[in-house]
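Subject: The structure to look at

Hi,

Here is the structure I promised to pass on. Open it up, keep it beside this email, and follow along as you read.

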Amino acid sequence: MDLKERQLLTHRASDELGKFSMWLRLYIKDPLDATQSEKMVLDLLDEVTAECFRQGADMIGHIKSFLTAEGGSTISVSLIDMDIPPTVQVRFDGTKMMRGELIVHVIVHGMWDPQVREASLKVTKDFMAQRSIDYEVINDFYEKEKRIKE
Amino acid sequence: MRIAQVTGFLGSGKTSFLIEVAKELNSQGLKVATIVNDVGHINVDRKCMEVHGIDTREISGGCICCEVQGTLTTTVTNIYMSYRPDVILVEPTGVAIPLGLKQAAAETIKKMPKILEQSPIVTFVDAMRINKLMNNVRRLVETQIVEADAVLINKVDAVDEERLATVTALIRDLNPEVRLFYGSSRTRQGVREIAELMVRGEAVVYDLSDAEDRFEKKYGE
């Protein structure tokens with residue numbers, strides 16, 4: 001076994017992380033200001049995280065998101081532990097958001113990628129329906145890093 | 001031109017800290033480009049960097065340290081041709097290990113030997129979460145520390161002195177010789193020191209045999 005192969009094995013052995021990311025386009029009927037937009041993102045990440053833990057995750061790897069509203073306002077949120085408050089960076093220009101693009105990354109320990117994908121998409125669907133936010137999934141992605149030389 | 005790579009588990013604060021390092025280098029009149037290697041094709045870290053006006057490219061489709069090593073060479077070459085930075089900061093995924101990063105950079109340097117030098121690899125350790133990580137992803141985190149040229153204990157403003165001493169002892173136990181720094185992107189502690197290391201730190205001479213021995217000793221077959 002050469003160095004490269006062993007390196008890949010180490011990588012795999014240690015990388016018991018379930019990963020999923022999605023890129024959403026949001027159409028918001030009741031426009032949101034900066035505070036409401038921030039809360040919307042935080043609540044979504046909280047609910048996705050809670051669902052992952054219900055389904056067997058035992059540690060957050062990193063859950064993060066980046067929201068870009070029309071006009072260029074941005075909100076980024078990073079969550080690394082249930083016991084540590086999320087980091088939020090808001091650069092909002094004051095205009096209420098009616099449309100936006102939201103990228104969400106979910107990486108948790110203790111679940112497989114397909115489960116993380118299913119949990120994230122299901123939570124997002126229910127979450128947006130409750131808030132009358134229409135959305136489309138522009139792209140979603142999972143199971144890439146672990147697809148190392150089968 | 002320097003290629004300065006960092007590693008560290010997910011959420012260890014690499015992106016936030018590198019933004020501060022890039023600002024610091026800019027303030028010294030140096031041109032900086034960054035390469036981020038995130039999960040998949042939808043890159044959050046790139047967007048975070050670009051909000052701060054930092055020229056950023058992304059490598060997707062896998063981890064630089066193993067799956068897409070060759071892509072690093074192409075990306076670095078393109079950045080050099082189009083931008084001619086003094087430093088390229090590389091932020092790989094949170095599961096990258098220093099040995100793989102050194103290999104990737106060494107391959108790139110072979111293609112542009114008179115232009116590119118490799119800076120020491122800095123592993124970020126999250127002072128707040130290290131215990132939890134050692135329980136759940138011990139092998140990966142240990143590897144990142146053992147193979148590091150320098151370790152930055154990050155988020156030191158969020159922990160007390162006792163905890164910091166414990167984390168320091170843990171690092172020293174795993175890698176007694178490693179250069180140790182303390183940092184926080186919020187207070188900018190350690191930013192200047194890491195910037196200095198990346199620009200002027202002794203370039204790494206990559207020794208495959210040493211790496212193999214270490215790997216063998218640590219993990220066996």
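Two residues are in contact here if their C-beta atoms, placed from the backbone, lie within 7 Å. Helices (H or I, at least four residues) and strands (E, at least two) are DSSP runs, numbered from the N terminus. A quick word on what you have: it is a predicted model, where local features need pLDDT of at least 70, side-chain atom pairs count only at pLDDT 80 or more, and totals for chains, interfaces and linings use all residues. Residues are numbered from 1 along each chain as its sequence is written, while chains are lettered from A and ligands numbered from 1 in the order in which they are written.

Let's start with chain B. Nine helices and eight strands make up its list of elements. A residue is called buried if 20 or more other C-beta atoms lie within 10 Å of its own, exposed if 12 or fewer, and partly exposed in between, with C-beta atoms placed from the backbone. By that rule, 54% of the 221 residues in chain B are buried. If you take the contacts in chain B between residues at least 6 apart in sequence, 77% of them join residues at least 24 apart.

Now find helix α8 of chain B, residues 191–200. Its buried residues are Val191(B), Ile194(B), Ala195(B), Leu197(B) and Met198(B). They sit on the same side of α8(B), because they cover an arc of only 160° around the axis (the arc is that of the directions from the helix axis to the C-beta atoms).

Two packed helices are described by the angle between their axes and the distance between the axes. Axes are lines fitted to C-alpha atoms, for helices over the stretch in contact, and angles run from 0 to 180 degrees between N-to-C directions. The axes of α1(B) and α8(B) are 9 Å apart, and the helices pack at an angle of about 70°. That makes the two helices roughly perpendicular (angles under 35 degrees count as roughly parallel, over 145 as roughly antiparallel, 65 to 115 as roughly perpendicular and the rest as oblique). On the α1(B) side, Glu20(B), Val21(B), Glu24(B) and Leu25(B) meet Val191(B), Arg192(B), Ile194(B), Ala195(B), Met198(B) and Val199(B) of α8(B). Sorted by class, this contact has seven nonpolar, no polar and three charged residues. For the classes, Ala, Val, Leu, Ile, Met, Phe, Trp, Tyr, Cys and Pro count as nonpolar, Asp, Glu, Lys and Arg as charged, and the others, Gly among them, as polar.

Helix α2(B), residues 44–51, has six of its eight residues buried, so it is largely enclosed by the rest of the structure. Those buried residues are Val44(B), Asp45(B), Arg46(B), Lys47(B), Cys48(B) and Met49(B). Then there is Arg188(B), in the loop between β8 and α8 of chain B. Arg188(B) has a positive phi of about 70° although it is not a glycine, and it counts as partly exposed, with 14 C-beta neighbours inside 10 Å.

On to chain A, which has three helices and six strands. Here 42% of the 150 residues are buried. Helices α2 (34–54) and α3 (113–130) of chain A have axes that come within 9 Å and cross at roughly 135°, and they are therefore oblique to each other. The residues Leu44(A), Glu47(A), Val48(A), Glu51(A) and Cys52(A) in α2(A) meet Val116(A), Ala119(A), Ser120(A), Val123(A), Thr124(A) and Phe127(A) in α3(A). By class, that gives seven nonpolar, two polar and two charged residues.

Is Ser132(A), in the end, buried or exposed? It counts as exposed, with 10 C-beta neighbours inside 10 Å. Ser132(A) lies in the loop between α3 and β6 (133–142) of chain A, and its phi is positive, about 55°, although it is not a glycine.

Last, look at Thr74(A) in strand β3 (residues 74–79) of chain A. Leaving out residues up to four places away in sequence, Thr74(A) touches Phe66(A), Leu67(A), Thr68(A), Arg91(A) and Val51(B).

Enjoy exploring!
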